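Colleague: I would like to learn how to read an interface and the contacts around it. Can you take me through one case?

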Amino acid sequence: MKIQTEQFGELELDDNRLLTFERGIPGFEDETTFVLLPADPSGDSPFFFLQSTEHAAISFFMADPFVFLPDYEVKLDDVLTDQLKLEDPADAIVLTTVTANQNIHDATANLKAPIVINNKQQLGKQIVLNNSNYRVKHPLFQQAARQV
Amino acid sequence: MLVLGRKLGESIVIDDNIEITVTSIEGDLIKLGISAPKEIPIHRKEIYLEIQEENKKAVSNVIDISDFLKIKK
């Protein structure tokens, strides 16, 4: 199917790339289908775009948090594994949004509310790690994913 | 907004499957116990708003990402 993307213009993608986020994500509850696009098509980048299929301008800059913060931990509870139909934790992809104002060195990742995708079932959701002290703005370029 | 007064231990029922109970009152901290179907997300409001704001900031057309693209795994 053809999708208009913010970063890459028009792309032709297989339907099996479509991800359904039943309730959208906070602030964007009406955006229910996305595709996950690597920032670098050759696959060497830890960055991605979560691109809405309905609105080209809605494309979230994401990172694989474990590349930068190896001790980040996300526990997938029963409710989540049910909602995403996760049969094997290895089917889960965990990503976080990244925001930056001016300087790349000030970039932060939202460790408090990661996005979890079940690639096999093509489902996704943003979850909130309620009982953790992870921050919504955690510096991306710091060594440890310390809980504050 | 519907405002109902509740004392310690009293509850409110919403729809027919959500219940909120005042479980403790300690000074100005009130603890609320919430029973709801597990599919219904429940959050402290300020956290939810913070996440909404952060998602809006992460929409890529407001970020200059060229520096990020130089970083490899």
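Modeller: Gladly. Keep in mind that this is a predicted model. We can begin with the contact between the chains.

Colleague: How many residues of chain A are in contact with chain B?

Modeller: 41 residues of chain A are in contact with 26 residues of chain B.

Colleague: How much area do chain A and chain B bury between them?

Modeller: The general idea comes before the value. Interface size is often quoted as the accessible area lost when the parts come together. Here chain A and chain B bury about 3100 Å² between them. Of that area, 63% is on carbon and sulfur atoms. On the chain A side, A:Phe61, A:Ile104 and A:Val136 lose the most area to chain B. Together they make up 16% of what that side buries.

Colleague: How many salt bridges and polar contacts cross the interface of chain A and chain B?

Modeller: Again, the idea comes first. Oppositely charged side chains can pair when their charged atoms come close. The rule finds two salt bridges across the interface of chain A and chain B. It also finds seven residue pairs in polar contact there, with both residues at pLDDT 80 or more. Which elements supply chain A's side? Strand S5 (47-52), S6, helix H2 (78-83) and S7 of chain A each give two or more residues to the side that touches chain B.

Colleague: B:Glu54 sits in H1(B). How do I check the length of that helix?

Modeller: H1 of chain B has 13 residues, 45-57. At 1.5 Å a residue, the helix should span 18 Å. Its end C-alpha atoms are 19 Å apart, which agrees.

Colleague: Which residues of H1(B) are buried, and which are exposed?

Modeller: B:Ile47, B:Ile51, B:Gln52, B:Glu54 and B:Asn55 are buried. Down the axis of H1(B), the buried residues fall within an arc of 165 degrees, so they line one face of the helix. On the other side, B:Lys45 and B:Glu46 are exposed.

Colleague: What covers the buried residues of H1(B)?

Modeller: The cover includes four strands of chain A: S6 (59-63), S7 (92-99), S8 (108-109) and S10 (123-126).

Colleague: How many salt bridges are there over all chains?

Modeller: The count comes to seven. One of them joins the side chains of A:Glu12 and A:Lys2, at 3.4 Å from N to O. A:Glu12 is in strand S2 (residues 9-12) and A:Lys2 in strand S1 (residues 2-5) of chain A. The two are 10 residues apart, and the pair links distant parts of the chain.

Colleague: Are A:Glu12 and A:Lys2 buried or exposed?

Modeller: The cut-off for exposed is over 50% relative accessible area. A:Glu12 has 54%, so it counts as exposed. A:Lys2 is exposed too, at 55%.

Colleague: Which residue forms a salt bridge with B:Arg6?

Modeller: B:Glu10 does, with the side chains 3.3 Å apart from N to O. B:Arg6 counts as partly exposed, at 38% relative accessibility. B:Glu10 is partly exposed at 30%.

Conventions:
Residues are numbered from 1 along each chain as its sequence is written. Chains are lettered from A and ligands numbered from 1 in the order in which they are written. This is a predicted model: local features need pLDDT of at least 70, side-chain atom pairs count only at pLDDT 80 or more; totals for chains, interfaces and linings use all residues. Side-chain values use heavy atoms; hydrogens and water are left out. The expected span of a helix is 1.5 Å times one less than its number of residues. Buried means under 20% relative accessible area, exposed over 50%, partly exposed in between (1.4 Å probe, protein chains only). The arc is that of the directions from the helix axis to the C-beta atoms. Contact means heavy atoms within 4.5 Å. Buried area is the accessible area (1.4 Å probe) that two parts lose on being put together, summed over both. A salt bridge is a side-chain nitrogen of Lys or Arg within 4 Å of a carboxyl oxygen of Asp or Glu. A polar contact is a pair of N or O atoms within 3.5 Å; within protein, one must be able to donate a hydrogen and the other to accept it, and residues adjacent in sequence count only if both atoms are side-chain atoms.
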